[in-house]
Amino acid sequence: MLMAGARGSSAALGKWLLIGRKVLPGVSQVGIHGLHFTTGGKKHASSKVSDSISTQYPVIDHEFDAVVVGAGGAGLRAAFGLSEAGFNTACITKLFPTRSHTVAAQGGINAALGNMESDDWRWHFYDTVKGSDWLGDQDAIHYMTEQAPASVIELENYGMPFSRTEAGKIYQRAFGGQSLKFGKGGQAHRCCCVADRTGHSLLHTLYGRSLRYDASYFVEYFALDLLMENGECCGVIALCMEDGSIHRFRAKNTIMATGGYGRTYFSCTSAHTVTGDGAAMITRAGLPCQDMEFIQFHPTGIYGAGCLITEGCRGEGGILINSEGERFMERYAPVAKDLASRDVVSRSMTIEIREGRGCGPEKDHVFLQLHHLPPQQLASRLPGISETVMIFAGVDVTKDPIPVLPTVHYNMGGIPTNYKGQVIIHVDGQDKVVPGLYACGEAASASVHGANRLGANSLLDLVVFGRACALTIAELCKPGDHIPSIKPNAGEESVANLDKLRFANGSMRTSELRINMQKIMQSHAAVFRTGALLKEGCEKLSSVFNALDDLKTFDRGIVWNTDLVETLELQNLMLCALQTIYSAEARKESRGAHAREDYKVRIDEFDYSKPLQGQQKKSINEHWRKHTLSYVDKKTGKVSLDYRPVIDTTLNEEACASVPPAIRSY
């Protein structure tokens, strides 16, 4: 009922908002009409209204114990975890929950259940540390991999319809970078799946479960900015897209679960809504983002369309071939072959194409072959892929190979957190918690993925750290605790920005500027990177950022103004893109997904290709095994960088010994 109450009050304002503009002359000129920011509306159970009323942007105030921004896998798990613990929780989402991009995950979720062969979560831990190219924080990786089996069983208990073995156990397929016995026991079968629609199933399961609890969902509300007071997060300010009303959500705890920023690139597997909103909100609040230069290129996006073809295809026995019909991954990764880590496979494919062994008339892609597999296996384990490939490539997978190309898929970087989900900053050599602020899912950088994420660790990341945020809040707070107060004009800057964009009258369309940004990222920060190309990309992107001042929007209304929302999303993407390319230019090494052709080796505190005896340990300023922290001046677009050390200790060295860095090969 709470949500209905809030909607009722804002719906009553709908007509009134539209005529608000008529009161003032010269409304089409930014700066000529005055912008008054005061709060208004009607009183309701879920919302409080201040005394004075604006004729332009009435603001409705809400109070909650906790606010979750985003309703994908991580956001839903956090929201119902909090509701379950008795917290009055709001979940703000710009999409209906089941439209969140978690729905597009295909392959599965990793957990050492041991249903196919003997397995151990410590082996999963080792694979994840190695996959991260030793940039992952080992305390967070320890936490995630140890919690994995219980998390999957929990999902099964919620009703998630996992694929089954003949014996009725959860079926687990082979997946990239997964091994047994600390890399010495061959390929592991650790990836629990629902055919090739695991994300779809996970999201619907979590949404169904969340409806048991009393969380308030604010659907199609676009979060604009964090409400920060003296370094503490006190909630968020959001735009109701349905009627244009502004809402301030005051809360003792705020969780960012807004997903990645894949749409900074021209060709990606991300939905058009994946616009880095959370990372940009953090940036505008003056807080750092972490490791933004590490962008995962999925080896198999459909050539020309960019649609994802799951790694599960190769897990089920699919192979990559070049124009000569050669299974080329045997040359690059003799042991793991087609199931090497994603960054390794993407680079290998790119090298094959560069050296003239690409397929097709332009020799600009390779083939993924599945037609040697039994048709019944394709029908039962990969039904979605068979359908997608027929639609987007016109290929029958039982007869012909699929044209594929590495495509931007995932962001390892994001909002820096500890393993409890608390957002952190690095001050005087120490990590410090930002009071009241949490992050989980792809929006966060815990960092369990480091420089490269292993396939099927993403869905695990969502449920483990969504739950962790709820548990941490339940440990530190009680339902009904005092909610920090905010200044009467808190959020004024956000509304001023919204007003400026709504009446922007420059010469560049939002779509033009967006495509310019995406093409710069696609060509200057691709699978392989060079210093000269990155430097040029930095300069070009900074000039595109400056062109934001010359934007032109066309819809002057406030009800369902998609032009305005896309422009707000472009602002968010631009902040993420700047941090990505400037961080990449600064990192003078190759590590994980960040492959520099002018700095081909990984630069650690020791040279791990040689015996350590007699070597002098490099200081943190002399090596690159450290997290990048990036800040952006929101007015000028100037990026500044700092660094923090990687956490190399586990939560319990006796239960799980940390993995020292080594040369990474598959």
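Tutor: A crossing is left-handed if the near helix is turned anticlockwise from the far one by less than a right angle, and right-handed if clockwise. Helices (H or I, at least four residues) and strands (E, at least two) are DSSP runs, numbered from the N terminus. The model is predicted, so local features need pLDDT of at least 70 and side-chain atom pairs count only at pLDDT 80 or more, while totals for chains, interfaces and linings use all residues. Residues are numbered from 1 along each chain as its sequence is written, and side-chain values use heavy atoms, with hydrogens and water left out.

Student: Is the crossing of α3 and α4 left-handed or right-handed?

Tutor: Helix α3 covers residues 121-131 and helix α4 residues 138-158. Their axes (lines fitted to C-alpha atoms, for helices over the stretch in contact) are 9 Å apart. The crossing of the two is right-handed.

Student: Which word describes the angle of α3 to α4?

Tutor: Angles run from 0 to 180 degrees between N-to-C directions. Under 35 degrees counts as roughly parallel, over 145 as roughly antiparallel, 65 to 115 as roughly perpendicular and the rest as oblique. Here the angle is about 140°. That makes α3, relative to α4, oblique.

Student: What is the angle of α4 to α12, parallel or perpendicular?

Tutor: Helix α12 spans residues 458-476, and α4 packs on it at about 100° with the axes 9 Å apart. The pair is therefore roughly perpendicular.

Student: How many residues in the contact of α4 with α12 are nonpolar?

Tutor: Contact means heavy atoms within 4.5 Å. Among the residues making it are Tyr143 and Leu155 of α4 and Phe465 and Leu471 of α12. Ala, Val, Leu, Ile, Met, Phe, Trp, Tyr, Cys and Pro count as nonpolar, Asp, Glu, Lys and Arg as charged, and the others, Gly among them, as polar. By class, two are polar, three charged and, as asked, nonpolar 11.

Student: Which residue has a positive phi although it is not a glycine?

Tutor: Most residues other than glycine have a negative phi. The exception here lies in the loop between α3 and α4. Its phi is about 55°, and the residue is Asp133.

Student: What is the omega of the cis peptide bond from Ala446 to Ser447?

Tutor: Most peptide bonds are trans. Ser447 lies in the loop between β19 (444-445) and α12. The bond from Ala446 to Ser447 is cis, with omega near -10°.
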